[in-house]
Amino acid sequence: MDMRSTDMRLRRPAAAALWLDEPCTMDELGHLAFFRPFGRAALDPLAAVARWRGFSAGQTVLEAGDPTQEVSFVAEGELRVISRSSGGHEMILNELRAGDIFGEIAAIDGGYRSVSIVALTRTRLCTIAAAPFMAFALSTPEASHHLMRSLAALVRQKDQRLLELAVLPVRARLAALLLRLSRPRERGGRIVSPPPPHHELAARIGTRREVISRTLGAMGREGMTEMTRGGLVLPRPALLEAEVEAGYGAPAGGEAPRIRPSAALR
């Protein structure tokens, strides 16, 4: 299948106008996490082309199939990475926050955007055209290494996600997701706060909202989850981890791979 033609069918109109569109100064560029190790001489060519762009909550930042080739650095806010099928089905791939970057893959291979990105909150990005960014990355070993480490982490996370989708039943996929989204709770266990709507949980693990509702209901009756005013509590996270491992099955000569609650969902 021609990915470019498919992506073009998935494109949607952009949302409201930017609330910010202005040059990014040298000092501002140097405060972004990716560029902090570098001096003014290295950053000078980038400062000449870098721009601040601001998006409101709910606004489309880019669509799959867009031909634009800019690398964006998140300074503040939160964004969601989404993949859409031609039939309108959506899968949530990741959330991006301050310090994250996106657009580096299109900058490297010159291809169309493969995913859509939507601002969840008021968001401020520093954008740099692909050509000057790649010139900087290829001429600066530390920047090249940082970029390669970032891409390697992305590949690992995608491999983990693919394995989950291919091997785990829905309930185990939901358990793995809840562990990743959760954080330690002062009174023991873990908590997901605020708890995502059921349709968002479904979009993250490739199932339907009704299945999520039934599965969470069963988990609640078994004492594995508890809905409170503060969020969705996981009072016995070890049981969820055991269910994930059971879904993989123990490989010969070793233990099943463990799902780290802190692992990013990409």
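The following conversation works through the fold of one predicted protein model.

Q: How much of the protein is buried?
A: Of the 266 residues, 44% are buried. The accessible surface amounts to about 13800 Å², and carbon and sulfur atoms contribute 54% of that surface.

Q: What share of the contacts comes from residues 24 or more positions apart?
A: Counting contacts with a separation of 6 or more, 72% are between residues 24 or more positions apart.

Q: Let us turn to the sheets. In what order do the strands of the 5-stranded open sheet lie?
A: The order is β1-β2-β9-β4-β7, and the pairing is antiparallel. In general, strands of a sheet pair through backbone hydrogen bonds, either parallel or antiparallel.

Q: Which strands are at the edges?
A: The edge strands are β1 (20-23) and β7 (101-102), each of which pairs on one side only.

Q: How many bridges join β1 to β2?
A: Strands β1 and β2 run antiparallel and are joined by 4 bridges.

Q: How does β4 pair with β9?
A: Strand β4 (residues 70-76) pairs with β9 in the antiparallel sense, over 6 bridges. Within this pairing, Phe73 stands opposite Cys126 of β9.

Q: Is β9 mostly covered or mostly open, and how many of its residues are buried?
A: Strand β9 (residues 123-129) is mostly covered, as 5 of its 7 residues are buried. As a general point, the side chains of a regular strand alternate between the two faces of the sheet.

Q: Now the aromatic residues. How many aromatic pairs are there?
A: The structure holds 7 aromatic pairs. One of them is formed by Phe34 and Phe35, which are edge-to-face, with 5.1 Å from centre to centre and 75° between the planes.

Q: Why do Phe34 and Phe35 count as buried?
A: The cut-off for a buried residue is a relative accessible area under 20%. Phe34 has 6%, so it is buried, and Phe35 has 0%, so it is buried as well.

Q: Why is the pair of Phe38 and Phe136 called edge-to-face?
A: Planes over 60 degrees apart count as edge-to-face. The planes of Phe38 and Phe136 are at 90°, so this pair is edge-to-face, with the ring centres 5.2 Å apart.

Q: Which parts of the chain does that pair tie together?
A: Phe38 belongs to the loop between α2 (26-30) and α3 (40-47), whereas Phe136 is in helix α5 (residues 130-139), so the pair connects parts that are 98 residues apart in sequence. Both Phe38 and Phe136 are buried.

Q: Which residues do the ring pairs link into a cluster?
A: The cluster consists of Phe34, Phe35, Phe38, Phe73, Phe133 and Phe136. Phe73 was mentioned above as the residue opposite Cys126 in β9.

Q: Which charged residue sits over the ring of Trp19?
A: That residue is Arg122, whose charged end is 3.6 Å from the centre of the Trp19 ring.

Q: Changing topic, what span does helix α6 reach?
A: Helix α6 (residues 141-167) reaches 39 Å from its first C-alpha to its last, close to the 39 Å expected for its 27 residues.

Q: Which residues in α6 are buried?
A: The buried residues of α6 are Ala143, Ser144, Leu147, Leu154, Gln157, Arg161 and Glu164. In general, an α-helix has 3.6 residues a turn, so residues three or four places apart point the same way.

Q: Is Ala246 buried or exposed?
A: Ala246, which is found in helix α10 (residues 237-248), has a relative accessibility of 60% and therefore counts as exposed. Ala246 and Leu168 are 78 residues apart in sequence, and their C-alpha atoms are 9.0 Å apart in space.

Q: Finally, what joins β12 to β13?
A: A hairpin joins β12 to β13 through 2 residues. Strand β12 (residues 226-228) pairs with β13 in the antiparallel sense over 3 bridges, and the partner of Met227 in β13 is Leu232. Strand β11 (residues 190-192) is also antiparallel to β13 (residues 231-234), again over 3 bridges, with Arg190 bridged to Leu234.

Terms used
Residues are numbered from 1 along each chain as its sequence is written. This is a predicted model: local features need pLDDT of at least 70, side-chain atom pairs count only at pLDDT 80 or more; totals for chains, interfaces and linings use all residues. Side-chain values use heavy atoms; hydrogens and water are left out. Buried means under 20% relative accessible area, exposed over 50%, partly exposed in between (1.4 Å probe, protein chains only). Contact means heavy atoms within 4.5 Å. Accessible areas come from the Shrake-Rupley method with a 1.4 Å probe; for residues, only the protein chains shown count as cover. Two strands pair if DSSP finds at least two bridges between them. Rings of Phe, Tyr and Trp (its six-membered ring) pair if their centres lie within 6.5 Å; planes under 30 degrees apart count as stacked, over 60 as edge-to-face and the rest as tilted. A charge sits over a ring if NZ of Lys or CZ of Arg is within 6 Å of the ring centre and within 35 degrees of the ring normal. The expected span of a helix is 1.5 Å times one less than its number of residues.
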